[in-house]
Amino acid sequence: MRRDVSDVAPTGAYYLLNITEIRVKLVHGTSDKLCGFASITLEGAIVIRDIKIICGEGGMFVAMPSRKLCDRCPRCSGKNHVRSRYCGDCGSRLARDRAHQDDRARPRLYADIAHPINQSSRKYFERAILDAYEEELKASKTEGYVATEFDDMDYHAWSASMAD
Ligand SMILES: [Zn+2]
């Protein structure tokens, strides 16, 4: 389902990017509380994909696309995730707890690739995406529902692996 959400943009003293399209793909039966993927189009011009919709115990939230933070092995300069205990290239043991900490003293393991930069735009994005999710969920329970098409290899690969 493609949804035009240009009418949900709040009218305020500041300008927020217009979300012109949201696509949601529902996900069922994963252990990590992932309940859907979303992609959003901004101003009819830029798409952000790979947004995860998480149904956590404290409620639903949105996780922006992120990449794993890596560093270099001191021995061979191979690239490893900061949480890796051994180098994937040379097998050397790597220092523990070498990830940088965020301002709440938690290790930084991922970095968002694209994200809202303030609280009001975060709320606006999250609300629009969660509303689209609820709508997709409702639609999925109606007869003749056709799941959203994502012209994206990753999703196909992901769906295939989930079918095992
Ligand atoms: Zn190495």
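This is a predicted model: local features need pLDDT of at least 70, side-chain atom pairs count only at pLDDT 80 or more; totals for chains, interfaces and linings use all residues.

Me: What makes serine 84 count as partly exposed?

Reply: Serine 84 has 16 C-beta neighbours inside 10 Å; since a residue is buried at 20 or more and exposed at 12 or fewer, a count in between is called partly exposed, and therefore serine 84 takes that label. Serine 84 lies in the loop between β8 (79–81) and β9 (110–112), and its C-alpha is 8.9 Å from that of alanine 95, 11 residues apart in sequence.

Me: How do you know that the span of helix α1 is close to what is expected?

Reply: Helix α1, which covers residues 119–140 and has 22 residues, reaches 31 Å from its first C-alpha to its last, and this is set against the 32 Å expected at 1.5 Å a residue.

Me: Why are the buried residues of α1 said to line one face of the helix?

Reply: The buried residues of α1 are Phe125, Ala128, Ile129, Ala132, Tyr133 and Glu136. Viewed down the axis of α1, they fall within an arc of 135 degrees, so they line one face. An α-helix has 3.6 residues a turn, so residues three or four places apart point the same way. On the other side of α1, Gln119, Lys123, Glu134 and Lys138 are exposed.

Me: Which elements give two or more residues to the largest nonpolar core, and which of its residues touch the most other members?

Reply: The core has 14 residues, of which Ile22, Ala38, Ile40, Ile51, Ala128, Ile129 and Ala132 touch the most other members. The elements that give two or more residues are β2 (19–26), β3 (34–42), β4 (46–56) and α1, and the largest share, five residues, comes from α1. Leaving aside residues up to four places away in sequence, isoleucine 129 touches Ile22, Ala38, Ile40, Ile51, Ile53 and Val62.

Me: What makes β3 and β4 a pair, and what makes β4 and β5 one?

Reply: Pairing asks for at least two bridges between two strands. β3 and β4 have seven, in the antiparallel sense, and five bridges join β4 to β5 (residues 59–63), also antiparallel; by that criterion, therefore, both count as pairs. In the second, the bridge partner of glycine 56 is glycine 59 in β5, and the hairpin joins β4 to β5 through two residues.

Terms used
Residues are numbered from 1 along each chain as its sequence is written. Helices (H or I, at least four residues) and strands (E, at least two) are DSSP runs, numbered from the N terminus. The expected span of a helix is 1.5 Å times one less than its number of residues. The arc is that of the directions from the helix axis to the C-beta atoms. A nonpolar core is a set of buried Ala, Val, Leu, Ile, Met, Phe, Trp, Tyr and Cys residues joined through C-beta atoms within 7 Å. Two residues are in contact if their C-beta atoms, placed from the backbone, lie within 7 Å.
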